[in-house]
Structure formats: C-alpha cells, structure tokens
Amino acid sequence: MRNPVWVMAATLVAMSGPAVAAEVTVLSAARIHTMEIAQPKVQAIAFDESGRILALGSADALLKRYPKALRIDAGQATVIPGLIDAHAHVSGLGMTMLSADLVDAASKQEVMARLQAFEKQLPAGAWLIGRGWDQNDWPEKTFPTAADLDAAFPDRPVWLERIDGHAGWANTAAMRGVNRDLSGEWQPDGGRIERDARKQPTGIFVDGAMALVDQSRPPMDEATAERALSLGMQSAVEHGLTGVHDAGVSLAELKRYQRLADRGAMPLRITAMADGNSDALESLCRDGLYTHPSGRLQMRTVKLYADGALGSRGAAMLKEYSDDHGNLGLMVMSPEQIAVAVAKAKRCKVQVATHAIGDRGNHVVLEAYAKALGGEAATTDHRWRIEHAQVLSPQDLPRLAQLHVIASMQPTHATSDMPWAQDRVGPQRIIGAYAWRQLRDSGARLALGSDFPVESVDPRFGLYAAATRADAQGLPAGGWFPQEKLTAFEALRGFTLDAAYAGFAEAQVGSLAIGKRADFVVLSEDPLAISPSGLRNLTVQATYVDGEAVYKAK
C-alpha cells in the first residue's frame with residue numbers, strides 16, 4: 001500500500017506551476033491536533049519556505065487562499081506537533097552505536113558474550129567500552145566485580161557504564177591505568193568506590209568515582225565525538241522527535257553542535273544545558289545566553305547534579321535505603337556547592353535544571369531554589385527545573401508548584417524501575433515516587449522526556465508509559481500505582497507544549513499555530529482516539545522540522 005503522506009495531489013495543484021516556484025505548502029490530513037485551545041483540531045496547515053506556519057483550517061479554505069501552493073495530502077493520517085524530549089543525552093545515544101550494547105542483558109554471562117563479540121572489531125590495545133548493564137535484571141541482583149571481566153579480558157582495559165550512567169564497571173587492566181591507589185577507605189567527592197573486605201576495589205565506581213577511570217582513558221577524537229552527535233540526532237528524528245533538551249553539554253560539545261549547525265547538519269532543535277558550574281556556564285555569564293542563527297541550537301540553561309540514581313543506590317535519601325541498611329545514597333554536589341552554582345546562574349539570568357532523584361536530593365534542591373529566588377519565585381519567569389523529581393517527601397511535593405518549578409520527568413523510568421523501586425524505598429516513600437498525577441494536580445508543570453540512552457529514544461514508549469504505567473506486555477494489569485497515570489492528552493502535552501515551555505520555546509514550537517515553526521509528526525493512528533495501550537505502537541510516517549521532512553518512513 002502506498003504511503004498516503006507522499007501522494008502529492010497531482011504533485012502540484014493545477015495552477016501552481018513548477019515545484020521550484022512554490023513558496024507555500026498546504027499539508028492536509030484526516031485530523032491535525034494543534035495543542036492550541038482556540039483551535040484544537042484542523043484538517044490542513046499552510047507554511048512558507050522558511051518553515052513558518054501561515055494559516056490553519058480546512059483544506060478547501062487554505063487551497064482557495066493559496067491556489068499556487070504545493071500540496072501534501074496525508075490521507076487518513078494524523079498530524080501532531082513535533083515531539084520534544086525534555087531530558088536526554090544525544091552524544092550518549094550516539095556512543096551506544098559506537099560501543100558494546102549491554103541493554104537488557106539478562107545475566108553476566110550474556111554481558112560477556114556480547115563483549116566478546118564486540119571485541120572482534122577492536123584493534124589491539126584499544127579499550128573495550130560498553131553501556132547498558134543493569135544488575136537488577138540478573139538472577140543474583142548484585143553488583144558485578146572486576147574478576148568477572150578479568151577471565152575473558154586479562155589485558156585489554158574494559159570500562160562499562162551502568163544503564164543509568166551513574167555507575168561504572170572496570171576490569172583490573174582498566175583500574176591499573178588510574179593514577180591513584182584505589183584501595184583503603186578514602187572516597188572521592190560525590191562518589192563511591194565499592195571495596196571488598198580487604199579494602200580492595202571491586203571494580204564498581206559510583207557517580208563521582210567514575211571520573212577516576214574516565215580520566216585514564218585515551219581521549220576521544222573530534223571526528224568520533226561529532227559523529228556521535230550526528231548519529232544521536234538522526235535516531236531521534238526517526239522516532240518522531242523534532243527537539244531534544246540535551247542535559248549536560250560541555251563547551252567543547254557546544255562548539256561541535258555549532259559546527260554542525262553552521263553546516264546545516266542539525267535535523268532537529270537542540271536545547272543544550274551547560275554541564276554544571278564549569279566553562280560552559282562561565283561562557284553564558286560572560287557572553288550572554290546563546291542562540292544559533294538557524295534556530296536549531298540554543299544554550300540558556302545549566303544542568304546541575306544533586307545526587308545519584310536509585311538503581312545504583314546513589315540517590316540521596318532522607319532515611320536509609322529499605323533494602324540496604326545504613327546507606328543514605330550520595331550527594332554528587334554538596335548543598336553548599338549547589339547553592340553557589342544556583343546563585344551564580346541567577347546572577348547571569350541562566351535557567352537552572354538540577355538532577356534530583358532521592359527525597360533528600362530533591363529537598364536540598366528545593367531549599368537552594370527557595371533561598372535563591374526568595375520572594376521572586378512566584379513573580380519572575382525563571383522556569384527553573386528539577387530533572388527527574390523521582391522520589392519526593394510529602395512535605396516537598398507541593399513546593400514545586402509553589403516555587404513555580406517545572407518537574408522534568410521521564411515516564412519510562414517508572415515502568416523500568418517498578419520491579420524493584422518499592423524494595424529500594426519501602427511502602428511509604430513509594431507513594432511520593434514517580435508521582436506525575438500528584439504533581440500535575442498540585443499545579444506543577446510537567447515536561448516529559450526519556451533520559452535516553454538510559455531509556456529508549458522512542459517517545460512513543462514515554463506516551464504509553466505515562467498513560468498506562470505498564471510494561472510492554474501490559475503488566476501489571478491496570479498499571480503500577482495507577483492513580484498516578486496521565487491521560488493521553490496530558491502525556492502528549494508533556495512531550496509538546498510543556499516541553500517547549502520548559503525550554504523557553506513555546507512561542508516557536510510545541511503547538512501548531514500561526515507564526516510558529518512548522519515542526520510536526522505524521523502518524524498513521526490518532527493518539528488521542530485510540531486506547532492508551534496502542535500508544536507504544538504508533539506508526540511514524542514522517543517527521544518535519546521547519547516544514548522540511550527530516551525523516552520519511554520507507
């Protein structure tokens with residue numbers, strides 16, 4: 001069956017003349033959801049060569065208004081505003097395509113088999129890099145050790161990031177390259193070296209400790225780093241994303257993005273967040289907020305880290321982990337460091353977005369925000385964010401709305417974590433975990449994303465998880481803590497208009513309206529008419545950015 005999107009109704013309307021002369025395009029579909037209250041559903045949109053929306057309405061009316069327009073008839077398809085992932089890591093996604101993929105490995109044995117297969121393409125002496133292992137998926141559910149890797153790789157350095165990016169697993173050869181004695185009782189700031197009873201490193205490095213191994217690796221060349229960005233962006237548009245908020249971009253990486261944007265090689269919009277209180281933030285303070293002339297790249301936000309992750313028990317908790325007595329998790333930045341960075345960002349008029357997963361991590365961030373904003377919290381358009389906002393105490397949950405703080409959350413985190421999350425935090429704290437409905441009903445704005453490559457880049461999985469709170473098989477029946485579900489419309493808004501708002505871009509994208517950019521996705525199904533169980537399997541026919549098809553299904 002021919003894809004109806006690419007039927008060009010006589011290629012051009014009869015009066016239009018040669019295609020190259022067309023200045024206006026009219027796209028029609030069975031339904032177009034605009035996400036605009038005044039005009040929520042139309043059948044056609046008209047946009048100019050620059051990618052600006054000129055008009056919306058019926059196909060007949062727009063073709064009458066623009067008789068020489070190029071016409072694209074999407075038939076029975078549904079068009080929605082371009083999907084925006086409000087928290088992800090583009091380079092990280094690209095690097096997963098250039099390293100060993102360990103996602104969903106069900107055992108250490110499967111990890112070894114994948115590593116041995118990947119090693120065959122490596123030159124002698126090169127590091128074997130991988131990502132995606134998760135001990136929670138293995139029968140023993142305990143951290144692995146260097147010894148597990150040493151038998152297969154006695155000489156080649158091996159360094160493997162956990163699925164959440166908050167822990168790493170090294171073999172002895174990799175640890176040998178660290179320019180410091182890893183034994184004893186000392187710990188790096190904001191991190192933890194796992195050690196055995198003899199106080200020797202086991203090969204697991206959590207959060208801030210990962211830098212010890214990372215810094216001993218040979219540096220990545222510029223061509224590979226740039227390729228990773230290109231691969232990540234291309235994968236994003238293939239899944240219906242027209243924008244990504246890239247959480248944690250160094251000044252060097254911003255320059256890579258700039259080079260790609262200068263060449264017209266960015267197929268989607270990137271909202272880059274400076275990587276902490278470092279050179280990138282300093283450049284924003286010195287030179288001002290950054291926007292590339294193409295409109296495809298901006299940096300006006302700093303990404304801070306409060307704590308670690310729940311899966312590696314690095315999330316900072318107010319009370320010890322329910323399944324690891326004595327462990328309160330890790331503060332990656334101290335409260336004092338967070339306060340200094342937040343105050344600096346405020347002076348420079350830079351938006352603050354802080355990673356906080358545990359209830360203590362979230363509490364520290366809210367305290368820092370409240371102190372820095374003072375009486376301005378409810379009156380200024382600061383749009384500060386908490387990234388993840390995963391476990392909130394009952395006292396802190398309503399404070400996001402009170403402080404006008406955006407909850408930047410990732411629905412698939414809940415459905416990935418649900419097999420073990422309650423074991424980590426217990427039956428009381430789980431009530432304030434992954435609490436989308438509570439936060440939304442409190443008045444907080446939810447910007448939704450995936451945190452790829454921690455989760456899949458596919459936003460359809462996020463829409464599905466938000467509306468069902470179930471895994472790919474639809475379990476548990478009725479959803480996990482179903483009272484926290486969002487409606488399909490709320491989920492879609494979280495990936496469109498609210499994500500755009502979180503990036504100060506709602507005047508340009510996030511909905512389809514006159515004057516906005518023609519960023520949209522063509523779907524075979526209507527996400528607001530089908531059962532939520534079908535959201536995971538929506539068919540992406542095409543992705544458009546600035547009125548240009550950056551992806552077409554074959």
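Visitor: What should I know before I start?

Guide: Residues are numbered from 1 along each chain as its sequence is written, and side-chain values use heavy atoms, with hydrogens and water left out. As the model is predicted, local features need pLDDT of at least 70 and side-chain atom pairs count only at pLDDT 80 or more, while totals for chains, interfaces and linings use all residues.

Visitor: In what order do the six strands of the open sheet lie?

Guide: Strands of a sheet pair through backbone hydrogen bonds, either parallel or antiparallel. Here the order is 7-8-9-10-12-11, with mixed pairing. Strands (E, at least two residues) and helices (H or I, at least four) are DSSP runs, numbered from the N terminus, and two strands pair if DSSP finds at least two bridges between them.

Visitor: How many bridges join strand 8 to strand 9?

Guide: Five, and these strands run parallel. Ile129 stands opposite Trp159 in strand 9.

Visitor: Which residue forms a salt bridge with Arg263?

Guide: Side chains of opposite charge can pair when their charged atoms come close. A salt bridge is a side-chain nitrogen of Lys or Arg within 4 Å of a carboxyl oxygen of Asp or Glu. Arg263 pairs with Glu226, the closest N and O atoms being 2.7 Å apart. Both belong to a salt-bridge network that includes Arg259.

Visitor: Is Glu226 buried or exposed?

Guide: Buried means under 20% relative accessible area, exposed over 50%, and partly exposed in between (1.4 Å probe, protein chains only). Glu226 counts as buried because its relative accessibility is 16%, whereas Arg263, at 52%, counts as exposed.
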